[in-house]
Amino acid sequence: MTDLSVTDVRPFVPALDLAASRNFYLALGWSELWRDDALVLLGLSGSQLMLQDRYVKEWAENSMLTVEVGSADDWYAKVTAVLAAGRYGTARVAEPRNEEWARVTYVWDPSGVLLHFAQFPAVS
């Protein structure tokens, strides 16, 4: 009998400074599920990503993750508060905006990876 079930898909996310990126994601609410010297497995609401101690500028600055959220505005407030401490280097956030496909708060992590905190319209 064949079992082709899938239980998770974990993107590898580059980190210029693994500790700084780890701390950034933890401050945003991810949970650390496992780590060693080169990898950190993080989880958020049942989804997971793997931070890795590997950085290629072009790769990092062209990486994007969509995080589907209930409120892009609330995530903007959360990220703004986290960044106010000034501990995450070049990490930044843009005010929420309405795109054709969703209301989105764009966040750049300390390595330049772009996160889309996207509030999708209700489907009827």
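Me: Why is Phe117 called buried?

Reply: This is a predicted model, and in it Phe117 has a relative accessible area of 0%. Buried means under 20%, so Phe117, at 0%, counts as buried.

Me: What makes Trp75 buried as well, and how do you know?

Reply: The relative accessible area of Trp75 is 18%; because the cut-off is under 20%, Trp75 also falls in the buried class.

Me: How do you know that Phe24 and Tyr88 form an aromatic pair, and what makes the pair edge-to-face?

Reply: The ring centres of Phe24 and Tyr88 are 5.4 Å apart, and rings pair if their centres lie within 6.5 Å, so the two count as a pair. Their planes stand at 70° to each other, and because an angle over 60 degrees counts as edge-to-face, that is the name this pair receives. Phe24 belongs to helix H1 (residues 18-28), whereas Tyr88 is in the loop between helix H3 (72-84) and strand S6 (92-93), so the pair ties together parts that are 64 residues apart in sequence. Both Phe24 and Tyr88 are buried.

Me: Why is the pair of Trp75 and Phe117 called stacked?

Reply: Trp75 and Phe117 are 4.6 Å apart centre to centre, with 20° between the planes; planes under 30 degrees apart count as stacked, so the pair takes that label. Trp75 is part of helix H3 and Phe117 part of strand S9 (residues 114-119), so this pair ties together parts that are 42 residues apart in sequence.

Me: How many aromatic pairs does a search of the whole structure find, and which residues form one aromatic cluster?

Reply: The search finds five aromatic pairs, and one aromatic cluster is formed by Phe24, Tyr25, Trp30 and Tyr88.

Me: Which residues lie nearest the centre of the largest pocket, and what is known of its lining?

Reply: Trp30, Leu44, Ser47, Thr66 and Val67 lie nearest the centre of the largest pocket, which is lined by 15 residues. Strand S4 (47-52) and S5 are the elements that give two or more residues to this lining, and the largest share, four residues, comes from S5. The volume of the pocket is about 320 Å³.

Me: Why is Ser63 called buried, and where does it lie?

Reply: Ser63 has 14% relative accessibility, and because buried means under 20%, Ser63 is placed in that class. Ser63 is found in the loop between helix H2 (57-60) and strand S5 (64-68), and, its neighbours within four places in sequence left aside, Ser63 is in contact with Pro14, Val113 and Leu114.

Me: Why does Ser45 count as exposed?

Reply: The relative accessibility of Ser45 is 78%, and exposed means over 50%, so Ser45 belongs to the exposed class. Ser45 lies in the loop between strand S3 (39-44) and S4, and its phi is near 50°, a positive value in a residue other than glycine. Most residues other than glycine have a negative phi.

Note on methods
Residues numbered from 1 in each chain as written. Predicted model: local features only at pLDDT ≥ 70, side-chain atom pairs only at ≥ 80, totals over all residues. Heavy atoms only, no water. Buried < 20%, exposed > 50% of the residue type's maximum accessible area, 1.4 Å probe, protein only. Contact = heavy atoms within 4.5 Å. 1 Å grid on protein atoms, 1.4 Å probe; cavity = no way out; pocket = protein on both sides within 12 Å on 5 of 7 lines; lining within 4 Å. Points joined across faces, edges and corners; volume = space filled by probe spheres on them. Phe/Tyr/Trp six-rings, centres within 6.5 Å; stacked < 30°, edge-to-face > 60°.
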